[in-house]
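User: Hi! I am new to reading protein structures. Could you take me through this one step by step?

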Amino acid sequence: MNPIVFDGRVGWIHPAQGDVGVVIAGAQGFEDLCSRRFLTVLAGQLAEAGMPVLQFDYSGCGNSAGDHAEPGRLSAWISDIGAAIDCLKTEASVRNVVVIGFRLGALLAPVAVAGRDDVSRMALLAPPASGKGYVRELIGLSRIVDADIQPHPGQSDFDGVEASGFRSSAETIEDLRALAWGENAIPPAGLDLLLMSPQLGAAHEAFASRVVAAGGKVETKSFDGYTQMMSRPSHDYPRSSLSEILEWAAGHREREAGGNSPAPHPDMVVLDGDGYRERPLVLGSAPRICAVLCTPAEPPVTDTVVLLLNAGAIPHIGAARSAVDMARFLAGNGIASMRADLPGLGQSQAYAEKRTPLYDERTSQDVIRIVDWLHDNGFRRICVAGLCAGAFQAFHAARSDARIHDLVLVNPLCFAWDSSYALHLELSNIRDRARASLPADDPQADQPRSSGQAKALAVNLVKSTLRFSLESAKTLSLLWKRSTGRSVEAWMRDLTRRGTRVLVVSSEGDLSLQEIARHFGPDGERLKQMSGVSTALISGANHTLTPLHARQRLNELIRQFLS
């Protein structure tokens, strides 16, 4: 996998031999967080099958320059797909391109390829029925994921739609509502189309009919596992559906493959932005790590670099694009940073053996691999910052490596992993899988109110019992660790005695406050008394700090901490 920058867009080329390439036009916003791993694995397997592949971030999204709430987004995103096709043809010396669109990409791809003669095949994965339907789903997502977030006093109103911190302006929403696969999406003659969706609608069938009328052919498949994958980023991708896409694409490759080698890619690729300079990178040997180094446009005023780790299984762009925004904010204040996907997460390569990358203590060695790279490239004062599972990895990496001078732990849900935490995580996954698989026309919805109330009470009772049992198990585990001298408090004191500075940030009411109290006493009093430790509380924020004011507050806290 090789990074590339083209006209302010950041992409990743998966090289292969062959004269048929693939452009993957992915999702945007929260859907991008949930699907990026799936599309990265798909890209890698397509490359192994002999097809060079380009993944890219839309303008103003992901790692690309700009902001997704800027004017003219829809036309820019459509142009991005065409530019990606041209880029792949140049970089990989391919003569023909297969376009695979997922969600937003599936909505835009038919418009983007209209009139082209170099796209003979296209796969539309989970395509919205129309722009209006996509907006309706976006609003529904906003109501679900942001239901518990209260408006923050002083925060200016936003005129568009915000879903899990990702903002689409009123202009973008109106442009999307007007988008339909009509005259603007005339399929190329002889197009070979794959439609894969949890549920095909009339608009899909009408487009498929136009493809056939233009001399093409259409294959339809069910997108098994789609709903669960899209419920949250930590869910695994559906392997059966991935295999079906691969079989469809690779089958065509076998008929048309050539012997061309992709053009060599330059070692240095740079994105110059407003006050920052970024280098997308692939670090080390297997498992390879995908990362982006962000430095100030002018020489840095400090010798510090901040390593930003994954929050849970969220890719390196961060929830609500928080890691990208933080990196560019820090660069504007003279501080360099690197955002990275740990192995098995986002766009990084996975280990061959089965692991739980979020809380596997061996993963701290991968953090140290990144620290090695930063140290070898001239950074001498290294701060590691992580949210949730990223805080766990940051904490244990700092215990192992004295080169980590500063540590930022945001909403840490676990300091020391054991079976009680593993059970808690699995129960949470089971709950989410059950919720994701529940059909919209659930027959239980029509049952008498009293029956529904009784079931709700029973579920709440079971949840309360499980929660009490799990918290008790965690407490017993803590008492045992204290008796053996392996307590989290002792580890933290060792760090501070070594001179490591620590900033612990929590959202008001977050479960991380219980974890801190478990190890450091009520209100974390023993933690606050430690020399070199600072704590902060952010109000009106959820666990991943998706509200804009919360992200801005965290950025400022880290800037002050490092000053």
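Analyst: Happy to! Let's start with a term: two strands pair if DSSP finds at least two bridges between them. One thing to keep in mind is that this is a predicted model.

User: How many bridges join strand 3 to strand 5?

Analyst: The general idea comes first: strands of a sheet pair through backbone hydrogen bonds, either parallel or antiparallel. Here, strand 3 (residues 20-25) and strand 5 (residues 96-102) run parallel and are joined by six bridges. Within strand 5, isoleucine 100 is the residue opposite isoleucine 24.

User: In what order do the eight strands of the open sheet come?

Analyst: The order is 1-2-4-3-5-6-9-10, with mixed pairing. Strand 1 (2-6) and strand 10 (217-222) are the edge strands, each pairing on one side only. On average, neighbouring strands of this sheet are turned by 20 degrees against each other, direction ignored.

User: Which strands does helix 1 lie across?

Analyst: Helix 1 (residues 30-48) lies across strand 2 (9-14), strand 3, strand 4 (53-56) and strand 5. Its direction is at about 165 degrees to strand 4. Helix 6 (residues 202-213) lies across strand 6, strand 9 (192-197) and strand 10, and runs at about 165 degrees to strand 9.

User: At what angle do the axes of helix 2 and helix 5 cross?

Analyst: They cross at roughly 65 degrees, and the axes of helix 2 (residues 73-92) and helix 5 (residues 170-177) come within 8 Å. Helix 2 contributes Arg73, Leu74 and Trp77 to the contact, while helix 5 contributes Glu171, Thr172, Asp175 and Leu176. By class, that contact has three nonpolar, one polar and three charged residues.

User: Is proline 128 buried or exposed?

Analyst: The cut-off for buried is under 20% relative accessible area. Proline 128 counts as buried because its relative accessibility is 1%. You can find proline 128 in the loop between strand 6 (119-125) and helix 4 (131-145). Setting aside its neighbours within four places in sequence, proline 128 is in contact with Arg103, Leu107, Tyr134, Trp181 and His204.

Technical notes. Residues are numbered from 1 along each chain as its sequence is written. This is a predicted model: local features need pLDDT of at least 70, side-chain atom pairs count only at pLDDT 80 or more; totals for chains, interfaces and linings use all residues. Side-chain values use heavy atoms; hydrogens and water are left out. Axes are lines fitted to C-alpha atoms, for helices over the stretch in contact, and angles run from 0 to 180 degrees between N-to-C directions. Helices (H or I, at least four residues) and strands (E, at least two) are DSSP runs, numbered from the N terminus. Contact means heavy atoms within 4.5 Å. Ala, Val, Leu, Ile, Met, Phe, Trp, Tyr, Cys and Pro count as nonpolar, Asp, Glu, Lys and Arg as charged, and the others, Gly among them, as polar. Buried means under 20% relative accessible area, exposed over 50%, partly exposed in between (1.4 Å probe, protein chains only).
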